[in-house]
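Biologist: I am new to this structure. Please show me how to read its features, one at a time.

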Amino acid sequence: MDRDNFFSRKAPRLKGTAGKGERLEQIFASNLDSIVIITSADQPIFNNRLTDRIIVAAESSQINVNIVINKSDIGSEEEIADWKEIYESCGYQVIVTSVVSNIGLYELKESLSNSANLFCGQSGVGKSSLLNALYPKLDFKVGEVSESSNKGKHTTVASILKKVDNNTIIIDSPGIREFAPFGLKKEDLGYYFIDILPYINGCKFNRCIHLHEPNCAVIDAVEKEEISIERYYSYLNILENLEDIPKY
Ligand SMILES: Nc1nc2c(ncn2[C@@H]2O[C@H](COP(=O)(O)OP(=O)(O)O)[C@@H](O)[C@H]2O)c(=O)[nH]1
Ligand SMILES: [Mg+2]
Ligand SMILES: [Zn+2]
């Protein structure tokens, strides 16, 4: 079918090729209604840097984002509430779940209904477990989180698309270890942080990248705690690896 949209990243480097060769665009899926970012409250610990990287790629493709914080049975209630608040105040739907304690599963299932959804996130956060709990017929393989690294081992090796009812599609993707949005320019990154976006017009320089320019409305907003410091650190973390503004 034609692609109405697609979600991609920079292809990860192959082992032993650090610094060599161009990194091509790797497409995960196309014709999506939603990207469902699955995170966990613990084991592995909540990874907001990875979450923000996936959000940026989704925003740059204009695809809706939902965030799931799974394993709420083992996470700190206070930390879960703080992260929920940060992402909800950006405007994203955040669903707190636990497969073990049967929390939030109905709400998640409702949010997936009648759309095409890509599940993505680190391995070990519970993507396959959640999908099995919502749609028992799927019977996806569930992996143990490896004790030594606490990062989880890969159990899902390829993306798998399933039609779970007439109008609902679910794609389970392999665990993401690293995620770099493809084809972004430094000067555009702020547009894909929807909490930073409203301030951009207030910056003195119209090509401000909100790093250390004078009279930057974004930095002001961070200082006034109108933009979360964690989100701003994610912005800087992504900015660091993007191409410089082309000089004409
Ligand atoms: N405590 C707890 N463990 C969970 C939960 N969901 C999944 N797990 C466990 O986390 C591990 C990884 O789950 P899996 O579904 O394979 O994660 P995936 O790699 O994201 O697909 C398995 O041992 C699951 O039993 C949960 O809500 N709470
Ligand atoms: Mg899996
Ligand atoms: Zn600025």
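Modeller: Start with burial. A residue is buried if 20 or more other C-beta atoms lie within 10 Å of its own. This is a predicted model. In helix H1 the buried residues are Leu50, Thr51, Asp52, Arg53, Ile54, Ile55, Val56, Ala57 and Ala58.

Biologist: What covers the buried residues of H1?

Modeller: The cover includes strands E1 (6-10), E3 (34-40), E4 (64-70) and E6 (116-120), along with helix H6 (229-239).

Biologist: How many residues does H1 have, and how far does it reach?

Modeller: H1 has 13 residues. From first C-alpha to last it reaches 18 Å, close to the 18 Å expected at 1.5 Å a residue. Glutamine 62 follows H1, and its phi is positive, near 55°.

Biologist: How do I read the largest nonpolar core?

Modeller: Look at who takes part. The core has 51 residues, and Ile35, Ile37, Ile54 and Leu118 have the most contacts inside it. Helix H1 (residues 48-60) gives the most, with six residues. Domain 1 (6-172) and domain 2 (186-239) both give residues to this core, so it lies between them.

Biologist: Which residues is isoleucine 37 in contact with, leaving aside neighbours within four places in sequence?

Modeller: Isoleucine 37 is in contact with Thr51, Ile54, Val65, Ile67, Val68, Cys120 and Gly121.

Biologist: Is arginine 177 buried or exposed?

Modeller: Count neighbours again. Exposed means 12 or fewer. Arginine 177 counts as exposed because it has 12 C-beta neighbours inside 10 Å. Its place is in the loop between strand E8 (168-172) and helix H5 (217-223). The C-alpha atoms of arginine 177 and glutamine 122 are separated by 6.1 Å, though the two are 55 residues apart along the chain.

How values were computed. Residues are numbered from 1 along each chain as its sequence is written. Chains are lettered from A and ligands numbered from 1 in the order in which they are written. This is a predicted model: local features need pLDDT of at least 70, side-chain atom pairs count only at pLDDT 80 or more; totals for chains, interfaces and linings use all residues. Helices (H or I, at least four residues) and strands (E, at least two) are DSSP runs, numbered from the N terminus. A nonpolar core is a set of buried Ala, Val, Leu, Ile, Met, Phe, Trp, Tyr and Cys residues joined through C-beta atoms within 7 Å. Domain bounds come from an automatic or database domain assignment. Two residues are in contact if their C-beta atoms, placed from the backbone, lie within 7 Å. The expected span of a helix is 1.5 Å times one less than its number of residues.
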